[in-house]
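Please look through the sequence and the 3D structure shown here. The report that follows goes through the parts of the chain one topic at a time.

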Amino acid sequence: RAKAAGRARTALFDASLRAQLASQVNLERDLRRALEQQQLSLAFQPIYDLASGRVDSFEALVRWQHPERGAVPPSTFIPIAEESALIGQLTEWVLRHACAQLRAFERDLPPGHARPRLHVNVSGTDMCRANFVSQVAAALLSNGLEPGQLTLEITESTLMQRLDNALDVMGRLRELGVGLSVDDFGTGYSSLAYLSTLPITSLKIDRSFVQRLQDQTSDAEVVKAVITLGHALGKTVIAEGIETPDQLAQLRALGCGLGQGYLLARPLSPEAASAVVAVERRWPGPDARPSDFAR
Ligand code: C2E
Ligand code: MG
Ligand code: MG
Ligand code: MG
């Protein structure tokens with residue numbers, strides 16, 4: 001009986017694995033098509049200077065409108081792209097379109113306005129491609145942008161898996177003048193010792209730490225330590241996933257330089273983002289009440 005039950009379980013397991021595999025293969029095929037057929041787009045979430053409330057930059061986030069499935073979130077298709085060879089093409093698409101959009105933002109600005117800056121997410125595997133640096137340089141050059149206008153974000157986990165190979169490419173990107181940021185900092189397993197040797201310009205404190213800030217737990221101490229260490233090493237510190245006025249107030253009190261989150265602004269369409277750059281809109285300010293943030 002136990003054997004039969006075991007066999008049944010195995011069969012069930014196989015069936016669900018097969019289904020998962022099939023769905024993955026389908027998504028991979030669909031994603032390849034999406035790259036050719038304009039099903040991808042970019043959203044732009046403002047990153048704010050937490051002291052002044054001014055917009056510092058934007059983060060480009062890829063969106064996929066699947067013809068049958070509707071919106072497929074990046075958390076579903078980025079891992080599929082990373083496991084197949086598609087990530088290189090996807091990153092190139094994102095880079096080219098993000099830079100073209102940055103150029104378009106610039107055209108909407110009054111003369112004399114500071115040049116807008118953009119963060120783009122890339123994968124750890126991109127950092128291991130021989131032609132990656134020239135791809136980045138080409139995207140900047142063909143849009144007349146300065147390397148300093150672009151920061152590439154790499155998640156801590158995908159970076160640490162390939163650190164040996166990635167370091168060389170990261171060094172060359174820094175020589176070019178592009179900013180580098182460790183994304184989702186605190187969720188991977190990079191030791192603090194690495195932080196001082198990585199050629200990065202900023203780190204982004206993962207949302208999970210920001211979300212636990214209001215619980216008056218030791219997480220506040222962790223966030224405080226990361227901010228202090230980051231600043232001591234000369235890095236810009238960015239908090240992600242700010243959702244409540246309380247979290248915002250605490251991060252400001254801790255001296256966190258930059259931040260983003262639904263409280264301040266959601267990822268925006270290019271048109272909405274362009275309006276934010278043009279009028280230099282600030283978030284409601286340090287003394288705001290929760291209702292002031294309602295949009
Ligand atoms: P990430 O780079 O850490 O981006 C932040 C994610 O959190 C985004 O989700 C954003 O929409 C969301 N977010 C922003 N503020 C808040 C908030 O206050 N609360 C909550 N709960 N979420 C917030 P999204 O766009 O679904 O992207 C998920 C992840 O997919 C990104 O995490 C990034 O790792 C990856 N990703 C997105 N676009 C790209 C891309 O163009 N290329 C690559 N390689 N990865 C991308
Ligand atoms: Mg990111
Ligand atoms: Mg992040
Ligand atoms: Mg994240």
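## Strand β6

D184 lies in strand β6. Helices (H or I, at least four residues) and strands (E, at least two) are DSSP runs, numbered from the N terminus. The phi angle of D184 is near 55°, a positive value in a residue other than glycine. D184 counts as partly exposed because its relative accessibility is 21%; buried means under 20% relative accessible area, exposed over 50%, and partly exposed in between (1.4 Å probe, protein chains only).

F185 is also placed in strand β6, which covers residues 179-185. With 7% relative accessibility, F185 counts as buried. F185 and K204 are 19 residues apart along the chain, and their C-alpha atoms are separated by 5.6 Å.

## About the model

This is a predicted model, in which local features need pLDDT of at least 70 and side-chain atom pairs count only at pLDDT 80 or more, while totals for chains, interfaces and linings use all residues. Residues are numbered from 1 along each chain as its sequence is written, chains are lettered from A and ligands numbered from 1 in the order in which they are written, and side-chain values use heavy atoms, with hydrogens and water left out.

## The chain as a whole

The chain contains 11 helices and nine strands. Of its 295 residues, 45% count as buried. The chain exposes about 14600 Å², and carbon and sulfur atoms supply 52% of that; accessible areas come from the Shrake-Rupley method with a 1.4 Å probe, and for residues only the protein chains shown count as cover.

Contact means heavy atoms within 4.5 Å. Among the contacts in the chain with a separation of 6 or more, 68% are between residues 24 or more positions apart.

## The nonpolar core

In soluble globular proteins, nonpolar side chains tend to be buried together. A nonpolar core is a set of buried Ala, Val, Leu, Ile, Met, Phe, Trp, Tyr and Cys residues joined through side-chain atoms within 4.5 Å. Here the largest nonpolar core has 79 residues, and V120, M127 and L152 have the most contacts inside it. Helix α3 (residues 86-107) gives the most to this core, with 10 residues.

What does L152 touch, not counting residues up to four places away in sequence? Its partners include V120, M127, F132 and L173. Also among them are L95, V178 and G179.

A166 is found in helix α6, which spans residues 163-176. A166 is buried, because its relative accessible area is 0%. Leaving aside its neighbours within four places in sequence, A166 is in contact with M127, C128 and L159. A166 and R129 are 37 residues apart in sequence, and 8.7 Å apart in space from C-alpha to C-alpha.

S123 lies in the loop between β4 (118-122) and α4 (132-141). Is S123 buried or exposed? At 3% relative accessibility, S123 counts as buried. Apart from neighbours within four places in sequence, S123 is in contact with E82, I87, I154 and T158.

W64 is found in strand β2 (residues 55-66) and counts as buried, at 1% relative accessibility. Not counting residues up to four places away in sequence, W64 touches residues including L27, L31, Q39, L40 and F77. Its side chain makes a polar contact with the side chain of Q39 (2.9 Å). A polar contact is a pair of N or O atoms within 3.5 Å; within protein, one must be able to donate a hydrogen and the other to accept it, and residues adjacent in sequence count only if both atoms are side-chain atoms.

Q38 is found in the loop between α1 (2-36) and β1 (40-49). Q38 is exposed, with a relative accessible area of 60%. Its phi is near 60°, a positive value in a residue other than glycine.

## Cysteines

The structure holds zero disulfides, a disulfide being a pair of cysteine sulfur atoms within 2.5 Å. C128 counts as partly exposed at 30% relative accessibility, and C256 is buried, with a relative accessible area of 4%.

## Ligand 1

Of the 21 residues around ligand 1, R63, N121, D183, E243 and Y262 come nearest; a residue is near a molecule or strand if one of its heavy atoms lies within 4 Å of it. A polar side-chain atom of D183 lies 2.8 Å from an oxygen atom of ligand 1. For E240, a polar side-chain atom lies 3.2 Å from an oxygen atom of ligand 1. Taken alone, ligand 1 exposes 800 Å², and the protein buries 85% of that.
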